[in-house]
Amino acid sequence: MPELNCTYRPPPVKCNGFDPMAFRWAQTMRLAVEEINQSTELLPNFTLGYKIFDSCAYPLTGQRAALAVLNGLREDDSPMCSGASPLLAVIGEAGSALSILMSRILQPFKIPMISYFSTCTCLTDRRKYPNFFRVIPNDDYQVKAIAQLLVRFNWTWVGLVRGDREYGRFAVEGLLRELQGTKVCIAYQQIIPLLYSHQKGMKIMQVMHSSSAKVVVVFSAEGEMTPFLKDYMMQNITGIQWVASEAWVTASLFTGSEYYPYMGGTIGFGIRKGHISRLSDYLQTVNPQMYPNNLLLPPCSGQESLLDQHSAYMNTSSPRVAYNVYKAVYAIAHSLNNLLLCKRRSGPFQNNSCAQSNNIHPWQLQHYLQEVTFHIAGEEVNFDLQGDSIPYYDIINWQRGTGRNTEFVNVGMFDGTKPAGEELVIQEDMIMWVPVSVCSPSCLPGSRKAVRPGEPVCCFDCVPCDSGKISNQTNSIECTLCPEDFWSNKDRTACIPKKVEFLAYDSLGIVLTVISVVGACLTIAVFAVFFYNRNTAIVRVNNSELSFSILFALTLCFLCSLVFIGEPVSWSCMLRHTAFSITFSLCISCILGKTLVVLAAFTATRPGDNIMKWLGPKQQKVIIFSSTMVQVAICAAWLIEAPPFPSRNTQYERSKIILECSVGSSLAFWCVLGYIGLQACMCFVLAFLARKLPGNFNEAKFITFTMLIFCAVWLAFIPAYISSPGNYADAVESFAILASSFGLLFCLFAPKCYIILVKPEKNTKQHLMGKQNK
């Protein structure tokens, strides 16, 4: 590149090196012009002329070439061509930065230019570049295609590398916009400097090597990538999945076998290839002896083999950029043909749209370029309002070919004319690549993503769903709450019906049933013993009628615990509490009557005391009936006002539905228990007063002990019942009923049965009254 020194006249532009691909593009332009000039249908009786300038990919030389064209002079100051219209259009440039520069220079002269390789989105701005056209899709479509590719293969953690030019800057900005709202995150962004150095390249590679991102998207020109990749291979870095832009994905320079171990599997979007039938034969006709003054030709004698010396020049197997050059020349030819035939259909210049063959203005050609439509090699070519062409890309995958070289295998396409979401068509079974790249592994069903503070959304932790919530998809953002009657399974992937629990006939229910039946059978057995020995002293002295009533009530008490077992229904809920309360009230009433009789019998020692006449059999029945009817009245009011009912308890244990009996009215429930407690306390107090009365069998002692056990059981029951839910509360209440029933049975009747069955000699009135002879 020439030095910028304003103290002397700059020397002639000199380019360093020879680019065989760029030379092939120039020859493709010459071929197209010759075909058009030989055509009898396109521009008949007219001959196209051209002049080729080499910008050497430098802005300064590109600017000089543009100014030389506008001046209409050669570098040797001789006229470039004669006629009124020396320049109608420009085909170029390859790089976006140079196209921006040239378009700005040509804009005041309204000279249209058609680029065959400039893809920067910035060039779609018609206010800044009104004369710019291109036969290659702009980067908006490419970044859209790359974004869809990343999403398609779940590459959610990627790195970005770009060149230090407008092409790379605008492409990265466009890609970041496309990735908004997707699951793809950018791990890092690096820039390959325009003035590349080994030290700067090493810093980029260090970032790539240390990052967990295994996919790297690169927007860079071939020339910028070349020194970078050489250093990359020297560092022996592997395991990177490259996603290449169209600027280098089909660069023949990288087909060498030395690149494959590091770049194999690269995937990217290449320019749509076309077919130019005469290109291969035409390229072989070029000889420096035919053009002795052509500075664009390489230094050679003309005897060298092109395939050996410049294989890139002869690579016409899949022309892409050359095909774009070919289309650009034909676009100008068809537009010029329409202009000369005055085929303009609309526009603000309709009155002046027809041109004279010897006086054609560039602005006239530009308006025809905007509307031109033609077909070439089976493809329709036209331009939209921004000067862009129809967006097509071939999806290229780098695979090992014969001779260990790299082959560019077409594995799909991107068709921008299709509806959104259907543009990308990929044959996945043909692709070879490295495993996917993610910051965090996918969260399996049963868990949700929890974003790490201060990190991108693609970096997250997988948190198991809480109980009662599920996620049945991978990478769920949140867990879904199960419906009321459902609960999450063990894996938290599905809602299953909640387990319904109640005091069933399982292990606990069977135990309670057995105890209840055994208690009832024992009570009946005692009843039988008493009935068989009803005429003996111990039965008669202890008021056999009340004893039989107590045994009957105890039998009912044992059996009423069975109502607490089984699924709660309306009738069982009403029966279990009322039956239990009435039977126990009857039992305590009988004991209360027995206590009063015992107390009265042993205190009526003075002659003429008539206390026993007030506690005769009729009075005893009245006492028992009256005290029991109070409990019956309470239960009746309870059933009428707010009866117990079955309910579904989901609050105590949310994973289960506990079927239980709600008491309906808590006041009535505690009134029932309170009344039984009041009866028991009265019995206890009266029995306690009579505990020291004379006699070898003082029943008051046993009643005192019985009531003490009864009260202890039910006092322990209250806190246990309140703290136990559902089936456990039912079990606690059932155990309390059975425990108190066994207490009553054994404490009241065991001593009597012992005398009846084991010590019959003590079963006499004298012994019981303590009057036997010693």
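Predicted model: local features only at pLDDT ≥ 70, side-chain atom pairs only at ≥ 80, totals over all residues.
On a 1 Å grid over the protein atoms alone, a cavity is a set of points where a 1.4 Å probe fits but cannot get out, and its lining residues have an atom within 4 Å of a point. Grid points are joined across faces, edges and corners, and a volume is the space filled by probe spheres set on the points. Residues are numbered from 1 along each chain as its sequence is written, and side-chain values use heavy atoms, with hydrogens and water left out.

**The cavity**

The count comes to 1 cavity of 30 Å³ or more, and the largest cavity has a volume of about 100 Å³. Its lining has 14 residues, and V135, K327, E379, S389 and I390 are the ones nearest the centre. Helices (H or I, at least four residues) and strands (E, at least two) are DSSP runs, numbered from the N terminus. Helix α12 and strand β10 (379–382) each supply at least two lining residues, with the largest share, 4 residues, coming from β10.

Rings of Phe, Tyr and Trp (its six-membered ring) pair if their centres lie within 6.5 Å; planes under 30 degrees apart count as stacked, over 60 as edge-to-face and the rest as tilted. The structure holds 22 aromatic pairs. One of them is the tilted pair of Y326 and Y330, 5.0 Å centre to centre with 50 degrees between the planes. Both tyrosines belong to α12 (residues 321–340) and sit 4 residues apart, about one turn of the helix. An α-helix has 3.6 residues a turn, so residues three or four places apart point the same way.

Which residues does I276 touch, not counting those up to four places away in sequence? With contact meaning heavy atoms within 4.5 Å, they are T28, L31, A322, Y323 and Y326. I276 lies in the loop between β8 (267–271) and α9 (279–283). I276 and P319 are 43 residues apart in sequence, yet 7.7 Å apart in space, C-alpha to C-alpha.

The table gathers accessibility values, where buried means under 20% relative accessible area, exposed over 50% and partly exposed in between (1.4 Å probe, protein chains only).

| Residue | Relative accessible area | Class |
|---|---|---|
| Y326 | 8% | buried |
| Y330 | 14% | buried |
| I276 | 7% | buried |
| N45 | 82% | exposed |
| N475 | 16% | buried |

Neither asparagine in the table is a glycine, but N45 has a positive phi of about 70 degrees and N475 one of about 60 degrees. N45 is in the loop between α1 (20–38) and α2, whereas N475 is in the loop between β16 (469–470) and β17 (480–481). A cis peptide bond joins G92 and E93, with omega about 0 degrees; E93 lies in the loop between β1 (90–91) and α3.

**Helix α2**

The buried residues of α2 (residues 59–71) are L60, T61, G62, A65, A66, A68 and V69. They pack against α3 (96–106).

Conventions: Expected span 1.5 Å × (residues − 1). 1 Å grid on protein atoms, 1.4 Å probe; cavity = no way out; pocket = protein on both sides within 12 Å on 5 of 7 lines; lining within 4 Å.
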